[in-house]
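Let us take a walk through this structure together. Please have the sequence and the 3D view open as you read.

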Amino acid sequence: GAVVSQHPSWVICKSGTSVKIECRSLDFQATTMFWYRQFPKQSLMLMATSNEGSKATYEQGVEKDKFLINHASLTLSTLTVTSAHPEDSSFYICSAEGFVGTEAFFGQGTRLTVV
Amino acid sequence: DQQVKQNSPSLSVQEGRISILNCDYTNSMFDYFLWYKKYPAEGPTFLISISSIKDKNEDGRFTVFLNKSAKHLSLHIVPSQPGDSAVYFCAATTFTGTASKLTFGTGTRLQVTL
């Protein structure tokens, strides 16, 4: 099946620094990628929809200036957590669709810990 | 407002028996449903899906049933195997003509015992 690669798989950063997470579709072109966040023992919550060549669409309650999304090509989307704080510590997962209505393929996820 | 609900946070089933995981939804606009399996610290893996025009879809040991009038779907795994132990998420979406956003349930942790 299609492969989505997410990097890094885990990162520890100091409070106030920024962290970039990459999401790549390895064998298909993804015009749209999604970024999710999961808190411990909770569901995956959609943060934003990333469209190639245009601005991301953020879900209600998600700070667009804090979570910067760039979808510069059909195979790469990046999520940058700016000025990270401990409350940003979470598991971040991206997904990508090759065709509308097919199942989404997920990256491996990134465990972010802000200390 | 939790539009997709999995009311059982955990389920324990003996190896070889049937595992039934349930999912309820409230948004009648949802027309495509998916089940994902997830291990800790990994991304979800797609298992099986069903369109609202069907009431059953089968793939190997996995069968998904959809009851639209009850806004309920279930995933049956038979026979259950120890390797099936994981957290299972149901997800729902609406075809809008663009890529579809998924709304996830809270997950059910399945443990298959020997």
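A salt bridge is counted when a side-chain nitrogen of Lys or Arg lies within 4 Å of a carboxyl oxygen of Asp or Glu. Keep in mind, too, that this is a predicted model. With that rule in hand, look at Asp84(B) and Arg61(B), whose side chains meet in a salt bridge at 2.8 Å, N to O. Asp84(B) sits in the loop between β8 and β9 of chain B and Arg61(B) in the loop between β6 (56-59) and β7, so the pair ties together parts that are 23 residues apart in sequence. Asp84(B) counts as buried because its relative accessibility is 2%, and buried here means under 20%.

How many salt bridges does a search of the whole structure find? Over all chains, there are four. One of them is in chain A, where the side chains of Asp88(A) and Lys66(A) meet at 2.9 Å, N to O. Asp88(A) belongs to the loop between β8 and β9 of chain A, while Lys66(A) belongs to the loop between β6 (57-58) and β7 (67-73), so this pair links parts that are 22 residues apart in sequence. Both Asp88(A) and Lys66(A) are buried. Back in chain B, Glu58(B) and Lys56(B) also form a salt bridge through their side chains, at 4.0 Å, N to O. Glu58(B) is exposed, with a relative accessible area of 52%, and Lys56(B) is partly exposed, at 43%. In general, side chains of opposite charge can pair when their charged atoms come close.

Now turn to the place where the two chains meet. The contact takes 21 residues from chain A and 20 residues from chain B. About 1600 Å² of area is buried between the chains, and carbon and sulfur atoms give 63% of that. Strand β4 (residues 32-38) of chain B provides four residues, the largest share of the side of chain B that touches chain A. What holds for charge pairs between the chains? The count of salt bridges between chain B and chain A is zero. Five residue pairs are, however, in polar contact across the interface.

Next, find Arg24(A) in strand β3 (residues 19-25) of chain A. Its relative accessibility is 34%, so Arg24(A) counts as partly exposed. The side chain of Arg24(A) makes a polar contact with the side chain of Glu22(A), at 3.5 Å. Leaving aside residues up to four places away in sequence, Arg24(A) touches several others, including Val3(A), Met33(A) and Leu76(A). Arg24(A) and Ser73(A) are 49 residues apart in sequence, and their C-alpha atoms are 9.5 Å apart in space.

On the surface of chain A, Trp10(A), Ile12(A) and Val115(A) form a nonpolar patch with about 370 Å² of accessible area together. Ile12(A) lies in strand β2 (residues 10-13) and counts as exposed because its relative accessibility is 54%.

Finally, a few details of the backbone. Most residues other than glycine have a negative phi, and most peptide bonds are trans. Ser83(A), though not a glycine, has a positive phi of about 45°; it lies in the loop between β8 (76-81) and β9 (90-97) of chain A. Lys71(B) is not a glycine either, and its phi is positive at about 50°. A cis peptide bond joins His7(A) and Pro8(A), with omega about 0°. The bond from Val78(B) to Pro79(B) is cis as well, with omega near -5°, and Pro79(B) is found in the loop between β8 (72-77) and β9 (86-93) of chain B.

Terms used. Residues numbered from 1 in each chain as written. Chains lettered and ligands numbered in written order. Predicted model: local features only at pLDDT ≥ 70, side-chain atom pairs only at ≥ 80, totals over all residues. Heavy atoms only, no water. Patch = residues over 30% accessible without salt bridge, like charges linked within 9 Å, V, L, I, M, F, W, Y side chains within 5 Å. Areas by Shrake-Rupley, 256 points an atom, 1.4 Å probe, with all protein chains shown as cover. Helix = DSSP H or I, 4+ residues; strand = E, 2+ residues; numbered from the N terminus. Buried < 20%, exposed > 50% of the residue type's maximum accessible area, 1.4 Å probe, protein only. Contact = heavy atoms within 4.5 Å. Buried area = accessible area lost by both parts, 1.4 Å probe. Polar contact = N/O pair within 3.5 Å; in protein donor to acceptor, adjacent residues only side chain to side chain.
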